Amino acid sequence: MLADDQVAEDKVRTLPVIHCRDCGSTGWGGLRRKTGDKKIGCNLRDFYKAYFSKDTLISYVFPNLQGRKLDNWNSWKLCGDCLTLNSTDRDNCSGCGSENLISIVEPDQETLIQVYKTKDGNNRRISTHDCPFCGSKNGLSILGSRAASLASAAIGTLFASSYNDDRKLITFSDSVQDAAHRAGFFQTRTFRTTLRTALRQYLNGKAGCNLAEIRTDFNQYWRNKIGSDEDYVATFMPSDLEWLYEWEDLQKTAKASANLVELIDKRLDWEVVAEVGLRTSFGGSLERTASCAIYLNPDLIKNLIPELLEILRNEIGGLEALQPEELTRFLLGFIHHLRQRGGILHAATNNYIESGGSTFLLQKPLFMPGFAASLAPVYLVQ
Ligand SMILES: [Zn+2]
Ligand SMILES: [Zn+2]
């Protein structure tokens, strides 16, 4: 459903769907006009703006089919016609009289809010996107796409197709400013799709290879397959490196400098690791599209268990009777989550880890992409 296609009467009672990518909880997002307001606003433009600027008036409600009672949560009957929050004993809406009421639960507003100190020492309150059910950090996302994202997914598929031997694209937009912005957006997205398609093709028929093997082999495989260094660079050129004079030079002289080829090699090496780690929970990743399955070498875990079991049993109160199976299960889950948050070691992450998570250091090597603090890898440190 496209929001712009909605008829006027639906527009005032349709809330964007939000869901947790970790536990799958699904509900609706809305925007209050003031704290404690008993009505949830549904203007999509306002919601998007408030959601991404982490406005504290952002609200989440979840259908309560089982009639659960949760601590620190409010129960309401949400009016399906005017989005008023009614107390649970009502049979019709206090705002419009409608009997179209839905039982919902809403996390206490304060539990969503995080306070941090700004540079000038003031406290700033923001609404987090952490899942109120399972606590997954930044776990909530809006289930929906804007037209630009949908178009870029379509473009990505067209460009990655082997039937397309003339890759040019013209997009139209009703404003010049918008068109320039869109072009940049499409380019960035296309890089990711090209990379994922290349990795998928490379992995075809290669069951059971480990990440270290893929990392040493992937670049060379594509350099050989593409045939020339120039085409190799042009295929995998990320838009954030297009400012390099070597890239300008390549376009003028049709010659790729060794330096540029090396940068692309290094970038691809990082992207292969990120694809199964940091980026595996986003968009059409190989793992999410079931194009590949990722597992741990079971021997590595097995060899670790006896020693770790001994330490935990002796040193942590309450774990005296810990069983090897329980510990194995815990470790598998733990490592799975760590990987999905990007916790895979890479040469480029050493300084980042030592600095306690400075994204400035992470993106310092020339070949690395930029990182928003909310989408940077997470590691376990002492
Ligand atoms: Zn969750
Ligand atoms: Zn109502």
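## About the model

The model is predicted: local features need pLDDT of at least 70, side-chain atom pairs count only at pLDDT 80 or more, and totals for chains, interfaces and linings use all residues. Residues are numbered from 1 along each chain as its sequence is written, while chains are lettered from A and ligands numbered from 1 in the order in which they are written.

## Three domains

Let's begin with the overall layout. The chain has domain 1 (3-142), domain 2 (147-276) and domain 3 (341-382), with bounds that come from an automatic or database domain assignment. The centres of domain 2 and domain 3, taken over C-alpha atoms, are separated by 22 Å.

Domain 2 places 8 residues in contact with 9 residues of domain 3; contact here requires C-beta atoms, placed from the backbone, to lie within 7 Å. On the domain 2 side there are 5 nonpolar, no polar and 3 charged residues. In this scheme Ala, Val, Leu, Ile, Met, Phe, Trp, Tyr, Cys and Pro count as nonpolar, Asp, Glu, Lys and Arg as charged, and the others, Gly among them, as polar.

## Helix 6 and its two partners

Helices are DSSP runs (H or I, at least four residues), numbered from the N terminus. Which angle do the axes of helix 6 and helix 7 make where they cross? Helix 6 (residues 211-226) and helix 7 (residues 229-236) cross at roughly 120°, and their axes come within 8 Å. Axes are lines fitted to C-alpha atoms, for helices over the stretch in contact, and angles run from 0 to 180 degrees between N-to-C directions. The pair is therefore oblique, as angles under 35 degrees count as roughly parallel, over 145 as roughly antiparallel, 65 to 115 as roughly perpendicular and the rest as oblique. W222, R223 and I226 of helix 6 meet D229, D231, Y232 and T235 of helix 7, a set with 3 nonpolar, 1 polar and 3 charged residues.

Helix 6 also packs with helix 9 (residues 258-276), at an angle of about 145° with the axes 9 Å apart.

## Helices 10 and 11

Helix 10 (residues 298-315) crosses helix 11 at roughly 120°, with axes that come within 10 Å. I301, I305, L308 and L309 of helix 10 make the contact with P324, L327, T328, L331 and L332 of helix 11. These residues divide into 8 nonpolar, 1 polar and no charged.

Helix 11 (residues 324-340) has 17 residues, which should span 24 Å at 1.5 Å a residue, and its end C-alpha atoms are 24 Å apart, which agrees. The expected span is 1.5 Å times one less than the number of residues. After helix 11 comes G342, with a positive phi near 100°.

Technical notes: Helix = DSSP H or I, 4+ residues; strand = E, 2+ residues; numbered from the N terminus.
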